[in-house]
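Me: I have a structure open and want to talk it through. Can you take my questions as they come?

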Amino acid sequence: MRIFDPHIHMTSRTTDDYRAMAAAGVRAVVEPAFWLGQPRTNPGSFADYFDSLIGWEPYRAGQFGIRHHATIALNPKEANDPRCRPVLDLLPRYLDKDGVVAVGEIGYDSMTPEEDEAFAAQLALAVEYELPALVHTPHRDKARGTERTLAVVAESGIGPGRVVVDHLNEVTVAAVHDAGCWMGFSIYPETKMSPPRMVEILKEHGLDRVLVNSAADWGHSDPLLTRATGEAMLAAGFTDDDVDKVLWRNPVEFYGQSGRLDLSDLGPAADTFEGSSIKRGGS
């Protein structure tokens, strides 16, 4: 089983996690920029964090044979802090980098006017830099937040097939499916989604435009739950090819739209995908 975790916060994890992930079949990851738990108070701290995402973490992952990519953005929660808003001016510097495959995480936390402005501005950057967008849906009032998210995406002019709306559940998946966006699901030990619930969603809504991730941040999370979801799919009667589509080919297809996805040196099985825009060779 080959696994591409399309949303995982490895900054929060240990090298032992990388080792366990590699043993479980994880061969590639995308790490989105997010809120680190401790509020940041100036753009310089973001610059240091972004530098780590495109420098240190790819090195750390590479020690275990895992290819690391990143998405860069001002996250929704900190978009409300006026001290952090100048980060929007820093983003172009990073959106040009080879290892950056999307703008994200963007979207909503509390659905404030400040979040509206930051969301729209960063979708505009995704269009300008011809990158996909990774959208965070709020943990509270998720149905209304998802509806508002889809309205902003529609207004932005970005193609829905270049947007993944993440942290979905049984209540929100249908609207995102019908809008033509990609559907993202975070599998957690206790909150968000579980492997059995994910299997039921796949039975109902199919395998297309679905990204399954572990998110695996500094809270109670598990970077091996992508593997557990694949095993649950097999136990429920899905085929090996179905699992490969959800856990490998789908993330390759979505992030391949950036033209920067680098899966070289992972073996012929890893970087074969018909119609993708995978970057070949070095970074």
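What follows is a short exchange about this model, which is predicted.

Me: How many helices and strands are in the protein?
Reply: The protein has 10 helices and 10 strands.

Me: And what is its radius of gyration?
Reply: It comes to 17 Å, close to the 19 Å that the globule rule gives for 283 residues, so the protein is as compact as a globular protein of that length. Along the principal axes, the C-alpha atoms fill a box of roughly 50 × 40 × 35 Å.

Me: What share of the residues counts as buried?
Reply: Of the 283 residues, 55% are buried. As for contacts with a separation of 6 or more, 72% of them come from residues 24 or more positions apart.

Me: How many bridges join strand 7 to strand 8?
Reply: There are 4, and strand 8 (residues 210–213) also runs parallel to strand 7. Here the bridge partner of M183 is V210 in strand 8. The chain goes from strand 7 through helix 8 (residues 195–205) to strand 8, again in a right-handed β-α-β crossover.

Me: New topic, aromatics. What is the count of aromatic pairs?
Reply: The count is 10 aromatic pairs. One of them is Y108 with F119: the ring centres are 5.3 Å apart and the planes are at 85°, so the pair is edge-to-face.

Me: Where do Y108 and F119 lie?
Reply: Y108 is in the loop between strand 4 (100–107) and helix 5 (113–128), and F119 is in helix 5, so the pair ties together parts that are 11 residues apart in sequence.

Me: Buried or exposed, Y108 and F119?
Reply: Y108 is buried, at a relative accessible area of 0%. F119 is buried as well, at 1%.

Me: Which residues do ring pairs link into a cluster?
Reply: The cluster holds F4, W182, W248, F254 and Y255.

Me: What sits over the rings of F46 and W35?
Reply: R40 lies over the face of F46, 4.1 Å from the ring centre. Over the ring of W35 sits the charged end of K77, 4.7 Å from its centre.

Me: Now the backbone. Where is there a cis peptide bond?
Reply: Between G104 and E105, with omega about -5°. E105 is in strand 4.

Me: And which residues other than glycine have a positive phi?
Reply: Among them are E130, with phi near 55°, and H167, at about 60°. E130 is in the loop between helix 5 and strand 5 (133–136), and H167 in the loop between strand 6 and helix 7.

Me: Is E130 buried or exposed, and what about H167?
Reply: E130 counts as exposed, at 57% relative accessibility. H167 is buried, with a relative accessible area of 7%.

Note on methods: Residues are numbered from 1 along each chain as its sequence is written. This is a predicted model: local features need pLDDT of at least 70, side-chain atom pairs count only at pLDDT 80 or more; totals for chains, interfaces and linings use all residues. Side-chain values use heavy atoms; hydrogens and water are left out. Rings of Phe, Tyr and Trp (its six-membered ring) pair if their centres lie within 6.5 Å; planes under 30 degrees apart count as stacked, over 60 as edge-to-face and the rest as tilted. Helices (H or I, at least four residues) and strands (E, at least two) are DSSP runs, numbered from the N terminus. Buried means under 20% relative accessible area, exposed over 50%, partly exposed in between (1.4 Å probe, protein chains only). A charge sits over a ring if NZ of Lys or CZ of Arg is within 6 Å of the ring centre and within 35 degrees of the ring normal. Two strands pair if DSSP finds at least two bridges between them. A crossover is right-handed if, with the strands pointing away from the viewer, the path from the first strand over the helix to the second runs clockwise. The radius of gyration is taken over C-alpha atoms; the globule rule is 2.2 Å times the number of residues to the power 0.38. Contact means heavy atoms within 4.5 Å.
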